[in-house]
Every structure is written in C-alpha cells, then in structure tokens.
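Please look at the sequence and the model shown here before reading on.

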Amino acid sequence: MTKTVYIKTVGCQMNVLDSEMVIADLKRHGYTVVDTPGEADLLLYNTCSIREQAEEKTYSALGKLKETKARHPEKTIGVMGCMAQKDQETIFRRAPFVDMVVGPGQLHAIPDMLTKVTSGEGRQMAVSLGRKDGKQTVVARSHETFDPLRDPTMRPTPFQAYLRIQIGCDKFCTYCVVPNTRGPEQGRSPEEIVSEARVLAEQGALEITLLGQTVNSYRHRGPDGETDMAGLLERLHDIDGLKRIKFVTNYPKDMTARLLETIRDLPKVSPYLHVPAQSGSDAVLKRMKRGYTIADYMEMFERIETILPEASVSSDFIVGFCGETDEDFQKSVKLIERCRFKNSFIFQYSVREGTKAAANLIDDVPREVKAARNNELLAVQDRISKEDNQKLIGGTVEVLVEGPSKKADKSDPEAPVVQMTGRTICDRIVVFDGNRRQAGQLMDIQIDDVSSHTLIGRVKTVEVVSLGMPG
C-alpha cells in the first residue's frame, strides 16, 4: 500500500528548504504527499523557535492531534526543525503522543526513525550536539544536513528555488536561539553549491535564492584557496538557464565594497539587500551583542548608496528589547526615516529560553508598550514604502511572474483574465491582470498605482505599425 505524508511548515526559508528535502527523501522511500492530516499515515510539523508565538502555535496544533492519535494509533506524528532541537524531551512531555523529535541537522535520519517507530521500538529522538558537547568540528558535523536531495513539487513555484550555502551561525546575538538550534557557522563547498544550482536550473528554476543565517559572511576554505560570497556569485552567474540570483539574510559588517561591486557588475544578481539593523540605538545593540554600532551601520549603508545606488535595502527591527527606552525607540524611528528601507520586518521582543538575554537581562518593557512601538514603527515604514513606491508610477519594471495572486485563487479557475503576481529583481511585489499561462515568464509591467507593499500595473504592450505591402 502507498504510504502518505502530510507536512506543515512554519518559519523561515531555511525551513521551507528543509521540508523540500525531507519530502524528496520520503518519496524515495515510497511516500506520497497529501494535503490534509486526515489523509496521512505520517504527520510532520517543521517548527520555528525564533519567537514564542511560533512555538505556542505548534504546541496548539499538536494538541489538536491528541484525539486523532487516540482513534488512529497507527498514525505517526513527528516534530522536526528548530523547536525540536531546542525543546527535545520537552516535546514528549507536553505532547506524549508524538512519536519522533528530529533536529534540523538530523533530517536524514527520518526514514530510519520511521522504521523503528513502526516496528514497535517506541518513541525516537535525533538531535544535534549542543555547542559545548564536544570539539567544534565534531559539533559542526552533527549539524550537517543533506542539501542535494530536491523535490520541485514542494517549492512555492516551479521556477523559483532555495539553495543553502551556509549552515549555522557564530554571531551569538543575546536574543537569538539559532546558534544553538542550527549549530556552528560553516560554508558549504562552492563545488557542491554550483553543482546543486545546475541541477535546479535543469529542473526549471529561473531564480535561486541563496540562504544563510548571515549569508554574506559566507566563506569556504578548500585545497584551491578560500571562496567568499563575491567569488561564489561569480561562479553561479555563469550557469545557463538561471536568470536571477538573490540571497538572504545579510550581516552589516560583512557588506564589503568587493561584494557590492560584484553585485553591481553581475546582471543576474539581484540588488536587493536584506540587512537587519534590529535597533537604532547603540545601547540596545550592545545589549543585543550585535557587534556593530549605528555609525558602522551607516558607513555600510552609505557604501551601498555609493556603489549600488539602485539597490533596494530592507531591514529587521526588534521593539521592546530589554531596557529599551522611549529615546532608544525614537532612534529606530530616525534610522528608518534616514535609510528609507524598502520594507522592514518588525517584531516585539519575546524571551527565548537558552539565550543570553533570557539568562542575564530583564524583559522589562510592558507588552502594551511593545505593541504601541510595533504599530508606530510599522506606520513609519509603511508611509516611507508607499512614498518611494509612488516614484515608480508611470515607469516599467521587469517582473518574474509567479502565478495567480491570492485574490485570483478565489476566482473562477476557468476565467480568461485573472490577477497575476510576481516580483521585480529588487523584490518588489507586482500585481496585474493577465492569464495563468504567463507564470514563469519575465514580463515588462507598466506601473499605474501602488500601495505600501505592492505595485499595481498592466502588461506593457508594444504597438506594431503595419507599413503595408510595396506595390
């Protein structure tokens, strides 16, 4: 009988990629993917630990499976990803009907774990070593995962793919669990990355997004010397079939002139730079242990403006971090107003167990103050985003069409004209009236209207003038 699997993925692009690889591996072991938990023999939840809300949503979803497991004990339930690595045995205590807990560095073990569960060997757990559980090389090896296994059907679109170039993080920001859940920072070999990128292009990917916790910090030392991010981009640029290369997320102090000049000189590489600031206050940045000052960040930003003036830059901000005053917060407002980010992802600080902030700092900003600051910063960013988008009205942008928009998904599937959506090379979202056959095409769209987050346009038409037949 065919075995079936349902997978629910939350969190970052890394998790989306991990889910794709797990499904590719399970398909090799006879599984097919289904859309609902009720149809599945195996239920997998790929989890995130960045914020408390993400974890609680996962525990809530698991709680709803208690009766399902009681009625169908033959079903297997697995929790994978960062929450699995962080909570480990806690998951079994809070949800004792879970059969497997698998960290992000142990995803290759899932088929063997399934065999043990179904053969009656009881609950299974596979997690990577902690940062202090051995020599760094040994700990790093325990976090390695199996990137080359790919499954195009699990991607958001058939012509866009993620490609991991870096595993883990060594920055140790005081609020962040990633160095513990994803392990030491290590760059994959450029040969592996280029080989995988060629496979993705052969599978129809027009755009690849390179992933790393601090992706522009990428380094790999091999027998032929060291490869940095700029050198890797140069090698990937030559791959036939690829039209666009993007990368996220960047670390401010590693945004070098050499990297910016390489982006400028390689037409396929997107001038979209996501460079989290997290705060506009040096005092807060020091407590966060971000490793730079606002003067450092502005030096980087002015370097971008000089070398790559057409770049669109986005950022992340945490509001309400330990000890943040009104004055600190207003410095974040001023930073957004100075840098005029394309967009910013703004989060309210929540304590993460296992971090330095949880151990050494007091979460002393009231929830209502965090919420008010969150809303104020969002309003400032939305205003700036709309003002800058308005400058594009009347112009033309090249869009990689991704498919029907969410609005179109609710419309008649047979309708000849639907709202389509795509992105510019600078990662701006564009919607326009078109047809489903345009998905996967690069098209010129004339912009007629905008909002804070979206450009609204129409397909640019070329007037053909008939000169008639001579005679």
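## A pair of packed helices

The crossing of α10 and α11 is left-handed, a term used when the near helix is turned anticlockwise from the far one by less than a right angle, with right-handed meaning clockwise. Helices here are DSSP runs of H or I with at least four residues, numbered from the N terminus. Helix α10 covers residues 229–237 and helix α11 residues 257–265, and they pack at about 15° with their axes 9 Å apart; the axes are lines fitted to C-alpha atoms over the stretch in contact, and angles run from 0 to 180 degrees between N-to-C directions. The two helices are therefore roughly parallel to each other, the word for angles under 35 degrees.

On α10 the contact (heavy atoms within 4.5 Å) is made by M229, A230, G231, L233 and E234, and on α11 by R258, L259, T262 and I263.

## Domains 1 and 2

The domain assignment, whose bounds come from an automatic or database source, gives domain 1 (3–129), domain 2 (141–391) and domain 3 (395–459). The C-alpha centres of domain 1 and domain 2 lie 27 Å apart, and 31 residues of domain 1 are in contact with 32 residues of domain 2.

## Basis of the model

The model is predicted, with local features needing pLDDT of at least 70 and side-chain atom pairs counting only at pLDDT 80 or more, while totals for chains, interfaces and linings use all residues. Residues are numbered from 1 along each chain as its sequence is written, and side-chain values use heavy atoms, leaving out hydrogens and water.

Conventions: Angles under 35 degrees count as roughly parallel, over 145 as roughly antiparallel, 65 to 115 as roughly perpendicular and the rest as oblique.
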